[in-house]
Amino acid sequence: MLKTLIKKQFTEAFRSYFFDAKKNQMRSKGSVIAFFAFFIILMVGMLGGLFTALALTLCPSLAEADMGWLYFLILGGLAILFGAFGSVFNTFSGLYLSKDNDLLLSLPIPVKTIITARLANVYLMGTMYSAIVLIPTLVVYWITAGLTVPRVICGILFFLIATMIVLILSCLLGWVVARISLKLKNKGFITVLLALVFIGLYYFFYFKASGLIRDLIANAVVYGEKVKGAANILYFYGRIGEGSFGAALGFLAVTALILFLVCLVISRSFFKIAASSGVTAKVRYVERKAKSKTAFQALLGKEFKKFVSSPNYMLNCGLGILLFPAAAVGLILKGSEISGVFDMLLPNFPGIAAVLVCVVLCALTSMIDMAAPSVSLEGKNLWIPQSLPVEGKTVLKAKGSVQLILTAVPMLLAAVCAAAVLKNTFIVRILMVLMPLSYTVFAAAFNTFLSVKMANFSWTNEIFPIKQSGAVTIAIFANWGFTLVIGGLYFLVGIKLGAPLYLALWTVLISAADVFLIHWLGTKGGTLFNNL
Amino acid sequence: MLNIEHLTKTYGGRKAVDDLSLHIRPGEVFGFIGHNGAGKSTTLKSVAGILQFDEGKITINGHDLASDPLSCKKDLAYIPDNPDMYDFMSGIKYLNFIADVFAIPADVRQERIRKYADIFELTDDLGQAISAYSHGMKQKLALISAWIHDPKLIVMDEPFVGLDPKASHLLKEMMREHCDAGGAIFFSTHVLDVAEKLCDKIAIIKQGRLIKVGTMEEVKGDDSLEEVFLELEEE
């Protein structure tokens, strides 16, 4: 039974890799290999490379000082943070909000079996994220300190323990969110608020990281002794990676016990939470004067309502919105300093700061992608827009407009601040607003294009279209790619052209792409939506 | 009101609907019966404009569905067999959404919402999120959303499923009133007793092909509809 459920979970999680929903048939072996290769390159190549660099920075000095345990403590902690951060947002929905919960609970399957299958999926997600840190950590250590049998065995146990801790944290946080969601009415916003606090702390430490690492390497012995004295448990945790069997077995036993207790708590409350429709008090309808809207306004309102009603949707696709006001404040406070630094370092390249700020603003836009999963999110409601007297292009326009409105307004604020603060000619200042704004239109249209081209309605949990769909993955990485091209080409050819001409060229090019994409959405895109 | 000419729809080589032709006039309650997988839902979805068909022509109130789908949809309301609606909206928000799309003036929609919500005893629950609705309440909401824009043709797939006896009775009355006022209704059902009592015309579909169509008397003669249906199924 458990095997069947786990197989079902994993089939669902990786369905898009094996099954082409559009053609309603299995993918060819070549396509499956290509999809997995792409995924591995993304995870290992890009993120793994980042953590390999960090491991290479820390390992030699700490291993040489016989403080390998501190190296494992730091990177193991980072892996746990990364794993929990990566999977916490879908733990709640994966455990409690899956659409097949009712079906499974109605079948003669023990609740603990359902929970175990669900947790296997959570474990897989957490492990995928933490492995990006853990694998480089272990490999770099084995190469630097030398490969021995105890180090390899304990290294594997270190991996296992760290991923189990990730599972414990994910489950606990998911359970807390579930308890909150039972008590509160505006649970969507509360969940987002909690997540924002968590993310705020994460980035606070992230931005402090380079300073902390420098300080740590310089004072490794002092800090090491303090940890040993005051937090012995952390010392033993780090010792696992060094090859201490005692620490490994002790930690494994304690972690397994805690995991067992957490699973017990979750399985006991699972039925109550999963089967609950919340305690929201019955709202007795009071008639109010109705207001008419146009069809487009109605569709736009519906898209906004969908966005704000789902914490997963807001967190995964809209978090980048907050970065624009932060960038605006940063530019107001530090803009003249940034400009001064560039003028001093690169006196022959006037306007370089303007180009780079534009590139950064475009990169921030890349982190907002609510249009990309929007068509897939119609799910079983697709019959509604398709049977109503609205054109497919109007539906797509509403979906793209949500992203455009939510991006363009804060983008405009940040771009105007940048243009006002950085010393440039009037033309460059205008282009500093126009170029990023044209990019926001491009990102919204491009993500809507992906949404309709790669629509997938065969999901049982909305986290799949929001987080794991092809449209979202391509939207994020393609937008990063576009930004890299804009930034990279400046250093290759843009410097010769000068900032005004370079920004003007990109404004024209992106605007042309906007026109092309909007035209496509209004013609072929609309037809494609009608025929989904 | 509704003309279906030689409709054919194929799924992966299998003909779900095969050369089907039907004509529904204003004032007719037209029942559509057949076993599971016979092609009823495929036909209804094709009429509603949410399924592309391979061959044939559908016209609604004189408008060709293929070339002028918006004009057709303006005259039409469709209710699927399982009315999944926007869970994140309240009932009243959903009704206003539908009314906005059909450009129903505020005062007219308010009056209609009041009328139909009262009929189905759903008024008190209109402020609730649809996610909190039972299957029957969702079905009632879907019915109100269909009637709210006073369509000429109403297409329904198994409309009585999930409704309590009182609501079923009220729906039958509403269907009759709608057709008496010049509208038309095309619906599928497995409840043959209801079809027999309610329909002016009936069509029986088997393996995608129409095997019998006509007025109730023409189809069943002196037998019951159930007897005729079972006999035709066995042939």
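How exposed is Glu226(B), in terms of relative accessible area? Glu226(B) is partly exposed, at a relative accessible area of 45%; buried denotes under 20%, exposed over 50%, and partly exposed the range in between, with a 1.4 Å probe and protein chains only.

The legends below describe a predicted model, in which local features need pLDDT of at least 70 and side-chain atom pairs count only at pLDDT 80 or more, while totals for chains, interfaces and linings use all residues. Residues are numbered from 1 along each chain as its sequence is written, chains are lettered from A and ligands numbered from 1 in the order in which they are written, and side-chain values use heavy atoms, without hydrogens and water.

View 1. Patches consist of residues with over 30% relative accessible area and no salt bridge, with like charges joined within 9 Å and nonpolar side chains (Val, Leu, Ile, Met, Phe, Trp, Tyr) within 5 Å. Accessible areas come from the Shrake-Rupley method with a 1.4 Å probe, and for residues only the protein chains shown count as cover. Lys and Arg count as positive and Asp and Glu as negative, whereas His and the chain ends are not counted. Each charge is placed at NZ of Lys, CZ of Arg, CG of Asp or CD of Glu. The greatest contribution comes from helix 9 (residues 225–234) of chain B, which supplies 4 residues. Glu226(B) belongs to this helix 9 of chain B. Helices (H or I, at least four residues) and strands (E, at least two) are DSSP runs numbered from the N terminus.

**View 2. Positive surface patch with residues of chains A and B.** A patch of positive charge on the surface gathers Arg288(A), Lys293(A), Lys305(A) and Lys93(B). Lys93(B) is located in helix 3 (residues 91–101) of chain B and is partly exposed, with 47% relative accessibility.

**View 3. Nonpolar surface patch of chain A.** Val149(A), Ile153(A), Phe245(A) and Leu249(A) make a nonpolar surface patch of about 370 Å². Helix 7 (149–183) and helix 11 (245–274) of chain A are the elements that give two or more residues to this patch. Leu249(A), in helix 11 of chain A, is exposed, with a relative accessible area of 52%.

**View 4. Nonpolar cores.** The largest nonpolar core comprises 162 residues, and Trp147(B) and Phe186(B) have the most contacts inside it. Helix 18 (residues 426–453) of chain A gives the most to this core, contributing 12 residues. A second, separate core of 39 residues includes Ala55(A), Trp69(A), Leu134(A) and Ala247(A). A nonpolar core is a set of buried Ala, Val, Leu, Ile, Met, Phe, Trp, Tyr and Cys residues joined through side-chain atoms within 4.5 Å. In soluble globular proteins, nonpolar side chains tend to be buried together.

View 5. Lys306(A) pairs with Glu462(A) in a salt bridge whose closest N and O atoms are 3.1 Å apart. Lys306(A) lies in helix 12 of chain A and Glu462(A) in the loop between helix 18 and helix 19 (463–468) of chain A, so the pair ties together parts 156 residues apart in sequence. Both Lys306(A) and Glu462(A) are buried. A salt bridge requires a side-chain nitrogen of Lys or Arg within 4 Å of a carboxyl oxygen of Asp or Glu; the whole structure has 17 of them over all chains. Val308(A) is also found in helix 12 (residues 295–309) of chain A and is partly exposed, with a relative accessible area of 34%.

**View 6. Salt bridges of chain B.** Asp164(B) and Lys140(B) meet through their side chains in a salt bridge of 3.4 Å, N to O. Asp164(B) lies in the loop between strand 7 (153–157) and helix 6 (165–180) of chain B and Lys140(B) in helix 5 (residues 135–147) of chain B, so the bridge ties together parts 24 residues apart in sequence. Asp164(B) is partly exposed, at 33% relative accessible area, whereas Lys140(B) is buried, at 11%. In another salt bridge, the side chains of Lys15(B) and Asp18(B) meet at 3.7 Å, N to O. Lys15(B) is partly exposed at 43% relative accessibility, and Asp18(B) is buried at 15%.
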